[in-house]
Amino acid sequence: MPCAWRTSDLQLLLILSVFLVAECISTEVDDSVTVSSSTQNMGKDNCSLASSMDKKRKHLKLPVEVNVSQSVLVDTKVVLPCHPTLLKTELTTWEIILRDKPPCTRAYRRDTNETRELNCTDERITWAFRPDQNSTLQIDPVAIAHDGYYGCQMVTLDGNFHVGYHLQVSVAPEVTLFQSKNKTVVCKAIAGKPAAQISWTPEGDCVTEQEYLDNGTVTVQSTCHWADSDVSTVSCSISHWTGNKSRSIDLSQGAQMLENISILYIILPIFIILVIVGSIWFLKISGCRKCKLKKTEATPVEEDEMQPYASYTEKNNPLYDTTNRVKTPQVL
């Protein structure tokens, strides 16, 4: 009996060992399958990522058309690049459209290495570099007349590209501030482009007017009045794209200056009249003196003219001759 029990125990131990070995083998197989499948999935992901990047690269292209609004200050230099591309350009054409002028065309052709111009008379608009190296355009210096549209067309093997500039030339206004009658102050922003904006501190009863000049600039005038007697100093602020400015004035000093100017306007005409009257009086006196001198000089001339006649009469008159003869013996 003990031997039978021992035999059965050995069989059970052997069966358990077989099951354990089989389970370990199956587990290793599953792990290897899982690792291989994950590796395959990672490879597929990398391939898909690479293909997607290639697709993006293929679809990544420069914009065909670009339009830009650009403001520049008058009397400065401006540079207008053509389309920012590294592609080989076969033909570059600039079209310039200005106000009250025919369109100007500048072109460069690579295969013949030649440039052409049509209706381009402004010497301030030129190529910034050699057109075969860089098709950038420059304006030096910028004037108000350069307001307009500048378009660049590039023909390449990969397609046509276009860039356009809406150029706006700005002019800084000249600012003046002065006082008129009854606490009324005038602030002017003269010949600015675009039109300036005027504000006051403190606020008053103001009227703003605009005058458009022939060259495209605008003069803005703001006239302000303060009825409050406590207001002594006022400020005028000018807002403009080229920079902000401010001017101040003391109303009491302005009134005193205005009074002095009024007195000057009264005294100046009186002084001019006195100068004119004095000049006339001086000329009259000097003229009378010259007349008197001429009269005094004329009298001796008449006596001199009579002397030859008197001497002639004395010589040829027998009475004078007889008298001389009678007197002669007496003397002897």
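This is a predicted model: local features need pLDDT of at least 70, side-chain atom pairs count only at pLDDT 80 or more; totals for chains, interfaces and linings use all residues.

Visitor: In which order do the four strands of the open sheet stand?

Guide: A sheet is read strand by strand. Here the order is E10-E11-E14-E13, and the pairing is antiparallel. The edge strands are E10 and E13, the latter covering residues 205–212, and each of them pairs on one side only. On average, neighbouring strands of this sheet are turned by 15° against each other, direction ignored.

Visitor: How many bridges join E10 and E11?

Guide: Two strands pair if at least two bridges are found between them. Strand E10 (residues 174–179) and strand E11 (residues 184–192) have six bridges and pair in the antiparallel sense. As an example of residues facing each other, Glu-174 stands opposite Ile-190 in E11.

Visitor: What do E10 and E11 form, and which residue in the turn has a positive phi?

Guide: They form a hairpin, with four residues between the two strands. Within the turn, Asn-182 has a positive phi of about 55°.

Visitor: How many bridges join E11 to E14, and how many join E13 to E14?

Guide: Strand E14 spans residues 218–225 and is joined to E11 by seven bridges, the two running antiparallel. Val-186 has Thr-223 in E14 as its bridge partner. E13 and E14 also run antiparallel, with eight bridges between them. There, Glu-211 stands opposite Thr-219 in E14.

Visitor: Let us turn to the rings. How many aromatic pairs are counted?

Guide: Rings pair if their centres lie within 6.5 Å, and planes under 30 degrees apart count as stacked, whereas those over 60 count as edge-to-face. By this rule there are two aromatic pairs.

Visitor: Why is the pair of Trp-94 and Tyr-165 called stacked?

Guide: The ring centres of Trp-94 and Tyr-165 are 6.5 Å apart and their planes stand at 20°, so the pair is stacked. Trp-94 lies in strand E3 (residues 89–98) and Tyr-165 in strand E9 (residues 159–170), so the pair ties together parts that are 71 residues apart in sequence.

Visitor: Are these two residues buried or exposed?

Guide: Buried means under 20% relative accessible area. Trp-94 is buried because its relative accessibility is 0%, and Tyr-165 is buried with a relative accessible area of 9%.

Visitor: How are the rings of Trp-200 and Trp-226 arranged?

Guide: Their centres are 5.4 Å apart and their planes are at 70°, so this pair is edge-to-face. Trp-200 counts as buried at 8% relative accessibility, and Trp-226 is buried with a relative accessible area of 4%.

Key:
Residues are numbered from 1 along each chain as its sequence is written. Side-chain values use heavy atoms; hydrogens and water are left out. Axes are lines fitted to C-alpha atoms, for helices over the stretch in contact, and angles run from 0 to 180 degrees between N-to-C directions. Rings of Phe, Tyr and Trp (its six-membered ring) pair if their centres lie within 6.5 Å; planes under 30 degrees apart count as stacked, over 60 as edge-to-face and the rest as tilted. Buried means under 20% relative accessible area, exposed over 50%, partly exposed in between (1.4 Å probe, protein chains only).
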